Each structure stands twice: as C-alpha cells, then as structure tokens.
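Dear colleague,

Please find below the structure that I am handing over to you. I would be grateful if you read the notes that follow it with the structure open beside you.

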Amino acid sequence: MGLIKSVMESVDILIETENNERLLLCLKLLFLVTALNSASRQELIKSNALQMLMKIVKMKSSKITDLNVSAEALKVVYNILYSIRDEDVTKELGDDIQNLVVMLRCILQDPMLNEFISYALVSQVVNVLNIIPKHLYKHLLDGNFSDHATDNLIKDSAPENKTNGISSIEILIDFLHSQLKLDAGKESETASDIRTDERICPILNCLTRASKSNRRIRKFCRLKVLPYLGKDVKRLPEDGDSIRNYLCKLLTHPVQIVGESAALFIFVLCKENRFP
C-alpha cells in the first residue's frame, strides 16, 4: 500500500521538523486507514511503525496541540495492536509492546500531567492498556518496587509524592475517581456528553485486568478502593464521595455493562486467592 508508505515517510520528516499541526493531520489519516483496513495494520507492524509512534508519544510538551498529537498517535497504536492475537506476537513485537508499556508508565508518572488538560491523552493510555497482554502489566511497576512496600505506599500516597514504585497505578485509580465524580456531576456542570459506559468502563476494565494479572497491583488497588471502613461502617455503602461509594452506586446502574464492570472489579479485588 503506497499510501501507508508515503504517510509514514511524511511522519518521519514532520517529527524532525516538529511541525505538529501537519503531523496531527497525518496521524488522523493513519487512524482512519488502520481503522478501516486490516492490511494497513499488518503493513505498519512489518515496517516497525510502532517504534516511530512511540517516538511521537515521547515528545515532551505542555501545549494542547502536542498533547493531541500524542493522543492521536496512541489511537493509531491501539488500532495496530487491537487485532493481534497472542500467538502472532513475535519476539521483536513483544519487546516493542513491553517498551510501550514502560513508556505509558512514564507518561502516567509525569509530574506535569494534568487530568483536565491531558484527559484525551490519559484516556488513550487507558485504551491501549486494555489490549496489551496481561503479563505485561507488571511493567507498570517500577523495578525497585518491593512486595512489602504496598502498605507504606498507602500512607505515603499524597498527591505530591508521585515517585514511588506504584504511582502509575495510583494515577489510574485517581483517574477512575475523577471520571466517577464527573459522571455523577459532582465536579462540573459541563461534564460533556460522554455516556457513562464510555467514560467509566474502559478505566474499570483496565484496573480489573491489571489487578487480575499482578498480586501487588491487586493489593494496592484493594487498599485504595476498598479501605478499612472505620467509622464509615455506620453509613450506607453508597453514601459518600469515595471510590467505593461510587462503585456501589454503579452496581444498580440501568446500563447493564456499567453495573457488571463495577461488580467484576470489586469481585477481583476481594477474591485474591483466585488469581496469581
């Protein structure tokens, strides 16, 4: 497909010249082509396009345009990886996906990350994390993170402390909390027209898969999402502004997939012995 080759050559040039407006247009074109044509996805995999797209995502900037470029690049990554079966993953592609997960961890740990400005970027990070092989979720943890550190991290998880080994998971939990609040209309009167299932289910599914795949992630999520009740034992489980309260409200949500996603997440956090 000559179109794909031409677009990728243009992308390579635009990366060097930092012409982000034209780069954004090229990425939008790639997104449409890869969404509609499976052969284009295979061609991009064979041409190591994943490495080039990761290079785009790594570009550091606080400008809205540049954040949109990174988000658009992740949308193309999602299209490329979506239809890949585990048995089709070569060693080289597996290494690229592992590097991708490490890069996504760095994005989540970026102290300049602002959940309102970077909403599109974090949303795309979540989408990509939803399709990676489960065994790669461990790379969301820093290499120096120890199994005995989880309880201490709960105590030290203040907003200013985002350098610990599990901060990327904490960012995902915070993102879930913010989306639950927005959906409930607690933080903004203009919470946008995003449907509840589109807003909540991706991040719930992401945290559920991560928790099922790694015991340390699961333990941290359980302590953050389902902390010891204390005085809250006197209140109804759906009363309050904690993540647990919002999840309890979702259990009776009229949209079935929303209630099922919330129930599965809670189930995974509670049934530790059923998973690795």
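Tyr 78 and Tyr 82 both belong to helix 5 (residues 64–82), where they stand 4 residues apart, or about one helical turn. Please bear in mind that this is a predicted model.

The count of aromatic pairs comes to 2. In one of them, the rings of Tyr 78 and Tyr 82 lie 5.5 Å centre to centre with 35° between the planes, a tilted arrangement. Tyr 78 is partly exposed, at a relative accessible area of 25%, whereas Tyr 82 is exposed, at 56%.

Tyr 119 and Phe 175 also form a tilted pair, because their ring centres are 6.0 Å apart and their planes meet at 35°, an angle that is neither under 30 degrees (stacked) nor over 60 (edge-to-face). Tyr 119 is found in helix 7 (residues 119–129) and Phe 175 in helix 9 (residues 167–183), so this pair ties together parts that are 56 residues apart in sequence. Tyr 119 is partly exposed, with 26% relative accessibility, while Phe 175 is buried, with a relative accessible area of 7%.

Helix 2 (residues 20–36) consists of 17 residues, and the distance from its first C-alpha to its last is 24 Å, close to the expected 24 Å. Its buried residues include Leu 23, Leu 24, Leu 27 and Leu 30, as well as Asn 20 and Cys 26.

Finally, Lys 75 lies over the face of Phe 31, at 4.4 Å from the ring centre.

Yours sincerely,

A colleague

Key:
Residues are numbered from 1 along each chain as its sequence is written. This is a predicted model: local features need pLDDT of at least 70, side-chain atom pairs count only at pLDDT 80 or more; totals for chains, interfaces and linings use all residues. Side-chain values use heavy atoms; hydrogens and water are left out. Helices (H or I, at least four residues) and strands (E, at least two) are DSSP runs, numbered from the N terminus. The expected span of a helix is 1.5 Å times one less than its number of residues. Buried means under 20% relative accessible area, exposed over 50%, partly exposed in between (1.4 Å probe, protein chains only). Rings of Phe, Tyr and Trp (its six-membered ring) pair if their centres lie within 6.5 Å; planes under 30 degrees apart count as stacked, over 60 as edge-to-face and the rest as tilted. A charge sits over a ring if NZ of Lys or CZ of Arg is within 6 Å of the ring centre and within 35 degrees of the ring normal.
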